[in-house]
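Good morning, and thank you for the time.

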Amino acid sequence: INRFVLEGQMIEVAWTIVPAIILIFIAMPSLRLLYLMDEIHEPTLTLKVIGHQWYWSYEYSDFIKVEFDSYMTPQDSEDKSTFRLLDTDNHTVLPMNSFIRIIVTAADVLHSWTVPSLGVKTDATPGRLNQCSFLMNRPGLFYGQCSEICGANHSFMPIVVESVNTNTFINWVSSVSESSDDWK
Ligand code: CUA
């Protein structure tokens, strides 16, 4: 019986330690990039999203009094022009080719602001601000839904982000702030 298994000790130690060190040198710059990518430091626009039972409300805090609620468009089997359970009465209009920062919170229970085609899913937690960011490089409509079970109408609080060019966005912002003046 061989009581001393000592053959090739040095090389076994080496081929264990060397790859580990290589992995550390790969991981360090990758983690740095990962954290840098996670946050944009000078966003063009900040949008505050608040989840409610059962709708989303939006505040464009860079402008004076641009805020509105966004409810699901009621279902109507006759209307074939809208997506069932996905369309909202007020679209979330945002400028394309701009860095957008989204601040997400909730007023009552947990929700989750999720737009898969933008690569965004952020929990809306009462008493807490969560942050995410994206850049849309094409115009169009991006659909999403609440993705945290939040009660009876969880399935009926969709999200529609409308990506437009900057001029259209500015026109839209001024029209929304004028109309909210009327509500005072
Ligand atoms: Cu809000 Cu699920």
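A residue is called buried when its relative accessible area is under 20%, exposed when that area is over 50%, and partly exposed in between, with a 1.4 Å probe and protein chains only. By that criterion His-111 is buried, because its relative accessibility is 0%.

Before going further, some notes on method. The model is predicted, so to speak of local features we need pLDDT of at least 70, side-chain atom pairs count only at pLDDT 80 or more, and totals for chains, interfaces and linings use all residues. Residues are numbered from 1 along each chain as its sequence is written, and side-chain values use heavy atoms, with hydrogens and water left out.

Let me stay with His-111, which is placed in strand E6, residues 111-115. Strands are DSSP runs of type E with at least two residues, helices are runs of H or I with at least four, and both are numbered from the N terminus. Contact here means heavy atoms within 4.5 Å. Not counting residues up to four places away in sequence, His-111 touches a set of residues including His-52, Trp-56, Asp-123, Cys-146, Glu-148 and Cys-150.

His-154 counts as buried, because its relative accessibility is 15%.

Two strands are said to pair if DSSP finds at least two bridges between them. In the order E3-E2-E1-E5-E8, five strands form an open sheet of mixed pairing. Its edges are strand E3 (67-70) and strand E8 (130-135), each of which pairs on one side only. On average, neighbouring strands are turned by 25° against each other, direction ignored; the axes are lines fitted to C-alpha atoms, for helices over the stretch in contact, and angles run from 0 to 180 degrees between N-to-C directions.

How is strand E1 (residues 45-52) placed, enclosed or open? Seven of its eight residues are buried, so E1 is largely enclosed by the rest of the structure. E1 runs parallel to strand E5 (residues 99-106), joined by seven bridges, and Ile-50 stands opposite Thr-105 there. Towards strand E2 (residues 55-59) the arrangement is antiparallel, with five bridges; Lys-48 has Glu-59 as its bridge partner. E1 and E2 form a hairpin with two residues between them. Further along, E5 and E8 run antiparallel with six bridges, and Arg-101 stands opposite Ser-133.

Finally, the cysteines. The structure holds zero disulfides, a disulfide being a pair of cysteine sulfur atoms within 2.5 Å. Cys-132 is in none; the nearest cysteine sulfur, that of Cys-146, is 14 Å away. Cys-132 counts as buried because its relative accessibility is 11%, and Cys-150 counts as buried because its value is 4%.
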